[in-house]
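Trainee: Could we go through this model together, one question at a time? I would like to see how each answer is reached.

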Amino acid sequence: MLRLEQVSFSYREYAVLQDITLEIPRQSFLALIGPNGSGKTTLLRLISKVLQPRSGKIWLEAQPLSKFSARELAKRMAVIASDQHFEFPFSVIDVVAMGRFPHLNRLQRLSSKDWEVVDQALKVTCVDHLRHRPISQLSSGEKQRVLIARAIAQQPSVLMLDEPNSHLDINHQIAIFNLLRSLNRQHQMTIIVVLHDLTSAAAFSQTIALLHEGKLIKTGSPEEVITTELIRQTYGAEVEVFPSPLGGFPQVAYGPDG
Amino acid sequence: MENKNGVSGPFTVPPSSRDNLILLTMTTVVVAGLALFLGPIGLPDRYILLNVRLPRVLLGFLVGCGLAGAGTVFQGVLRNPLADPFILGTSSAATVGVMTANLLGWHNYYALYFMALGFALSSIAFVYRIAQTNGKAPIQTMVLGGVIVSLFFNAVVFVFFSIFYRDSFSILFYLLGTLTGGDPKLMSISGVFILLSLAVCWAMARELNGLTQGEETAFHLGIEVETAKKILFVAASAMAAASVAVAGMIGFVGLVVPHMMRLVVGPDHRWLIPASALGGASVLILTDSAARTIVPPFEIPVGALTALLGAPYFLYLLKQRQNAGEF
């Protein structure tokens with residue numbers, strides 16, 4: 001569904017990403033991990049066409065990404081960017097209805113079918129009870145769920161998120177990841193997510209891509225990527241990886257030096 | 001707390017935008033009607049009514065629409081509730097455009113208008129560029145840049161004024177913003193530009209809504225951000241320039257009115273743009289009526305009065321944002 005061929009990107013002279021080749025099949029749940037400055041957010045911005053690669057090609061549904069207009073792209077991929085502004089008191093339902101924009105012509109009003117999609121998105125993300133509240137008044141966890149609802153209202157086949165769990169308490173983090181997991185499983189959505197937190201990456205994703213200094217070090221299942229050796233090497237931290245007591249995925253442990 | 005909509009929790013009932021817009025239209029008509037008949041001495045005769053009051057009310061309507069419309073669009077595109085053509089220096093730039101055209105002896109109305117527009121556009125582009133860092137234009141830098149640009153152009157205006165217009169009281173009046181002496185031809189040209197630009201912005205209301213959520217987010221919602229921004233900036237500057245060309249620098253209408261209207265119809269630009277236009281018209285017609293009647297037989301330039309009322313409101317908004325920790 002998404003394919004990157006030898007993609008490189010640089011800011012002026014400084015190479016941020018080098019020679020990334022990556023295949024993202026339909027309905028995968030991919031986590032992009034790597035230490036600060038490894039280029040994971042840049043990679044997400046390339047895949048979502050906010051940035052254009054210096055060299056290499058990106059393909060979406062067997063067509064070059066550069067061929068897609070903003071509108072055509074927005075019908076296929078929803079992205080929750082890190083620049084969120086809540087200057088104006090739009091209500092939750094207004095924000096979620098903005099997800100229908102790529103499906104509407106100029107001056108066309110939302111049909112009852114569009115409103116059904118919006119309603120469904122509000123329900124799936126459990127923010128239905130907040131529908132008339134101004135989004136600026138919500139907590140971070142609630143805001144994040146509203147943004148996911150807006151993304152769902154776009155009816156995309158790919159959903160991309162940049163650290164959806166930052167600033168969230170652990171209960172909200174788990175709720176967000178379970179929501180993503182059910183979108184992935186029940187709604188056949190491809191999920192691509194940039195993560196800092198290795199534990200949630202290992203627990204919830206199917207595939208992990210590990211980046212280090214602009215290069216793709218390894219792609220594979222959580223067991224293959226999150227190993228004591230690889231994490232020590234890339235993050236430069238004394239960690240120990242062991243199988244989680246909850247079973248089936250690796251977990252990273254660390255403590256004070258010595 | 002359970003209310004009749006079956007929704008619990010602390011909750012604000014969304015304003016019924018349509019009803020409020022209808023109410024606003026009626027208010028505008030009533031205000032315009034009152035302004036026609038409001039005067040220092042009894043009822044006006046037919047001549048005054050048709051040849052003095054009516055053009056003035058019409059001009060107030062157009063300029064009010066233009067200033068408040070421009071303010072609404074600037075605020076939306078810049079995600080900055082303190083933006084306004086006056087604060088950002090666009091109005092002063094347009095004034096210099098008008099004066100330059102005059103000095104060059106271009107008495108063609110279109111030339112005059114396009115000079116105003118040209119100056120307005122370059123100044124807003126300049127302010128935006130100096131404020132922009134990492135793709136964002138922080139509100140403080142933007143306002144500060146606007147004030148500096150404004151001071152600069154005001155200085156140019158006064159240089160022109162002292163050299164070329166030494167004796168002309170009417171130019172001073174124009175600089176302070178006034179609805180008197182509206183040239184019918186310039187008024188109709190400005191009117192066409194204001195109403196056309198308003199229509200363009202209204203047709204792009206959804207893009208504006210998207211842009212308020214952040215430019216990257218707008219792109220991810222399917223909006224061609226750069227194109228949308230350019231069209232909206234040009235249209236908003238056209239409204240501001242047209243207003244300035246015909247009525248001088250009337251400040252704070254573009255700042256205050258969109259705020260008031262967000263409380264009335266909410267932030268959705270499909271409602272907010274027409275509401276701001278009508279609100280701006282009502283506010284300006286009302287303020288102008290006050291300006292010409294509160295100290296008879298004298299008349300205060302309406303721009304002076306809007307600034308006297310608008311500046312404290314601006315400070316209040318600034319303080320409120322500060323308290324909310326948004327600065």
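Trainee: With which hand does α1(B) pass α12(B)?

Mentor: This is a predicted model, in which local features need pLDDT of at least 70, side-chain atom pairs count only at pLDDT 80 or more, and totals for chains, interfaces and linings use all residues. Residues are numbered from 1 along each chain as its sequence is written, while chains are lettered from A and ligands numbered from 1 in the order in which they are written. A crossing is called left-handed if the near helix is turned anticlockwise from the far one by less than a right angle, and right-handed if clockwise. By that rule, the crossing of α1(B) and α12(B) is left-handed.

Trainee: How are α1(B) and α12(B) oriented to each other?

Mentor: Helices are DSSP runs (H or I, at least four residues), as are strands (E, at least two), numbered from the N terminus. Helix α1 (residues 17-37) and helix α12 (residues 269-293) of chain B have axes that come within 9 Å and cross at roughly 25 degrees; axes are lines fitted to C-alpha atoms, for helices over the stretch in contact, and angles run from 0 to 180 degrees between N-to-C directions. Angles under 35 degrees count as roughly parallel, over 145 as roughly antiparallel, 65 to 115 as roughly perpendicular and the rest as oblique. The two helices, α1(B) and α12(B), are therefore roughly parallel.

Trainee: How many charged residues are in the contact of α1(B) with α12(B)?

Mentor: Two residues are in contact if their C-beta atoms, placed from the backbone, lie within 7 Å. Among those making this contact are B:Leu21 and B:Val31 of α1(B), and B:Trp271 and B:Ile285 of α12(B). Ala, Val, Leu, Ile, Met, Phe, Trp, Tyr, Cys and Pro count as nonpolar, Asp, Glu, Lys and Arg as charged, and the others, Gly among them, as polar. The contact has twelve nonpolar and seven polar residues, and the charged ones number no residues at all.

Trainee: Is B:Leu278 buried or exposed?

Mentor: B:Leu278 sits in helix α12 of chain B, and touches B:Leu24, B:Thr25 and B:Thr28, not counting residues up to four places away in sequence. A residue is buried if 20 or more other C-beta atoms lie within 10 Å of its own, exposed if 12 or fewer, and partly exposed in between, with C-beta atoms placed from the backbone. With 25 other C-beta atoms within 10 Å, B:Leu278 is buried.

Trainee: Which element of chain B supplies the largest share of the side that touches chain A?

Mentor: The contact takes 25 residues from chain B and 25 residues from chain A. On the chain B side, α8 (205-211) and α9 (215-220) each supply at least two residues. The largest share, four residues, comes from α9(B).

Trainee: Where in chain B is confidence highest among the helices named, and where is it lowest?

Mentor: Confidence here is pLDDT, the predictor's own score for each residue, from 0 to 100. Chain B averages 85, and 88% of the residues score at least 70. Helix α6 (residues 169-176) of chain B is lowest, at a mean of 71, and the highest, at 95, is α8(B).

Trainee: Which residues of chain B have pLDDT under 50?

Mentor: Where pLDDT is low, the predicted coordinates should not be read in detail. The model has twelve contacts beyond four places in sequence for the stretch concerned, residues 1-13 of chain B.
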